[in-house]
Amino acid sequence: MVVLGLPPNSDVQALQNLYFARKFEGAGRFRNALGGQHQSRVEPNLEPQVLFVYPPEKQLPLKYKDLLSFCFPAGVEVNAVEKTPSMSELNEILLGQEHLKQSDLSFVFRLQVADASSLYGCCVLVEEMIQKPSELISTISDGQPIRSSLSRHILTTRRCYCILSRLPFFELHFGVLNSLFTEERLERLTKQISNMDFDSPLGCDMVETSEEKTDILSPENGVVKLQNETVEATQSSTTGCISDSVTDNMSQFELQNLYRSSYSKKGTNGNVVPLDPELPSSKEDSPSPNALLPLRSFQGSSSEDRHCRSDFDDAETQEASSSGRDMFSEQSDILEWAKANNHGSLQIICEYYQLCCPKRGSTIKFHPLDHLHPLEYHRPDETVLRVGGSTVDLRSCNTSLELAEVHSALMVEEEAAALSVWAIACLCGSLRLEHVLTLFAGALLEKQILVVCSNLGILSALVLSIIPLIRPYQWQSLLMPVLPNDMLDFLDAPVPYIVGVRNKTTDVQAKLTNAILVDANRNQVKTPTIPQLPQHKELYSSLSPYHAKLVGESYLGKKRPVYECTDVQVEAAKGFLGVLRSYLDNLCSNIRSHTITNVQSNDDKVSLLLKESFIESFPSRDRPFMKLFVDTQLFSVHTDFVLSFFQKE
């Protein structure tokens, strides 16, 4: 797992000056805080960093700068929140759960790595105060004092929490991230409630801190000093009472209680020191626990020197070694430290990494903390491969080469199954059926396809939907659910591709010559002339009922993460894919009758497909499409795989 974003020790004053300078120039966006929104502006020059990595010892087959680009495809964003008397907006950022209410805060990127396997990044963007990060990041932060500011605004930014894995267990990965966020929110609420003085006549006074209270709150000027910002406390705000709901109308004093660990006072030498004795002011004053040293080891190095790590993959293939034993020992030390110090979020990550990969057809249960809901994930029972009308079992493979081929095919089938519901539900909920079929036909003919959508969650789902959409065929070229802005040169590649971008900029349009453009924002598709699908009308009629159900459920889908689906969506998506799978199977059902097999001198059999004879078997109106289809790489790879099993019979 990795966490990326602007570091807590960023120069907030410089960011604030740049923010307002750009705002007054008329650039960027401005949203009124009094209207329940905040000021926002994209700063392309701001460079995110890797803030947390677990496990810190494991090498990730992905460059540092590429990881940052995929997690922040359009760069980082800085927001300014105005300090109002109620602090309701800041309260929503700290205690709200926006990642569960919006579809554009969770997304997936997918890469083909060096060993030809797929690497998935399950990402969730979370709004945080720049200088007040999550407890997870604070654990390994340098602990240096943060300079106060008299500004009326607090700067926030989105940080990306990402689980990297070669296993397409998307629901489980996102479930773990949500458990982490729930634990972080629970910790904030617990600290806030524990600091409230319920015996106070006003009901909203802060907890007494003896001499330190007078240093924090000055009655003469009514200013509450926090470690990261300064909140102006007016006389009227001290006479109100807290709401029955902890998350509504948080007063300035409650905000102070919430930030108990962030209070600061003047020391004898005039330096700012924290009030919480467990929070060191510097590394020299309070050394880090030895168990956390591996987590801190990547900090302080330049972006070019850092090596990113991954957390949950290739457990089935990694061999034991002395270095592996050392790695396991360090991970055990970190887990024991997390348990001893009641660090719930770190404990969740550590125990998730130690999970064993479940066997096909089995169910895995993950319940690291008793007060959180357990997570269950059932791995599909994909042990039998259906090829050319027959079935192939892993146990029937005689050679290691056959076993590797079938195992690779089963992994592709498992990936398609993992995407078969939420990606297809999102696709049908975003595009009209005729546009879905145009996308389907373009993928089968290996056209260049560009998908445009401003919503990151929907964008990644639309591109990933191609994988289950064209099964049993497999896309053989470039497929990127989210193409970062600094990688737009990929669009110049003279190869088929399916990529997603957030905005249709002039640079993007200039690179599109003969590509299919799918604009999900407007529900439009622009395409060069391509032949019509065989039996198009019959296929359209069969898909319409399932598509209509998915459209009807799509409105609610925008108010939750894309990977969450209703029972209606699950059934409709399965029915939709069932029709397409039957269609593609029937399309090439007679392929065997157009195949010849030659026996070599060494008794090896070689089967060849007579393409012209195969094309002539279709009605004349369907031949233009089939003539292009049989020349694609995805058709050749699939038919070669099918014919290889014909030769063994």
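1. Let's start with a cysteine. Cys-71 is tucked away: its relative accessible area is 1%, so it counts as buried. Keep in mind throughout that this is a predicted model.

2. The cut-off for calling a disulfide here is 2.5 Å between the sulfur atoms. Searching the whole structure turns up 0 disulfides. Another cysteine, Cys-350, is buried as well, because its relative accessibility is 0%.

3. Next, strand β7, which covers residues 153–165. Is this strand largely enclosed or largely open? Of its 13 residues, 12 are buried, so the rest of the structure largely encloses β7.

4. Which strands pair with β7? One of them is β6 (residues 118–129), which runs antiparallel to β7 and is joined to it by 10 bridges. Within that pairing, Glu-128 has Thr-157 of β7 as its bridge partner. Strand β4 (residues 77–82) also runs antiparallel to β7, with 5 bridges between them; here Ala-80 faces Leu-155 of β7. Then there is β1 (residues 2–5), again antiparallel to β7, with 3 bridges.

5. On to the rings. The structure has 15 aromatic pairs. One of them brings together Tyr-161 and Phe-181: the ring centres are 5.1 Å apart and the planes stand at 90°, so this pair is edge-to-face. Tyr-161 belongs to β7 and Phe-181 to helix α5 (residues 170–194), so the contact ties together parts that are 20 residues apart in sequence. Tyr-161 is buried, at 0% relative accessibility, and Phe-181 is buried too, with a relative accessible area of 9%.

6. Tyr-473 is in the loop between α15 (466–469) and β18, while Phe-629 is in helix α20 (residues 623–629), so the pair ties together parts 156 residues apart in sequence. Both Tyr-473 and Phe-629 are buried.

7. Which residues make up the ring cluster around that pair? Ring pairs link Tyr-473 and Phe-629 with Phe-614, Phe-618, Phe-625 and Phe-635.

8. Finally, the sheet that includes β18. It is an open sheet of 5 strands, ordered β18-β19-β17-β20-β21, and its pairing is mixed. Which strands sit at the edges? Those are β18 (478–480) and β21 (524–526), each of which pairs on one side only. Ignoring direction, neighbouring strands in this sheet are turned by 15° against each other on average.

9. At one of the paired positions, Leu-479 has Ile-498 in β19 as its bridge partner.

Terms used
Residues are numbered from 1 along each chain as its sequence is written. This is a predicted model: local features need pLDDT of at least 70, side-chain atom pairs count only at pLDDT 80 or more; totals for chains, interfaces and linings use all residues. Side-chain values use heavy atoms; hydrogens and water are left out. Two strands pair if DSSP finds at least two bridges between them. Helices (H or I, at least four residues) and strands (E, at least two) are DSSP runs, numbered from the N terminus. Axes are lines fitted to C-alpha atoms, for helices over the stretch in contact, and angles run from 0 to 180 degrees between N-to-C directions. Buried means under 20% relative accessible area, exposed over 50%, partly exposed in between (1.4 Å probe, protein chains only). Rings of Phe, Tyr and Trp (its six-membered ring) pair if their centres lie within 6.5 Å; planes under 30 degrees apart count as stacked, over 60 as edge-to-face and the rest as tilted.
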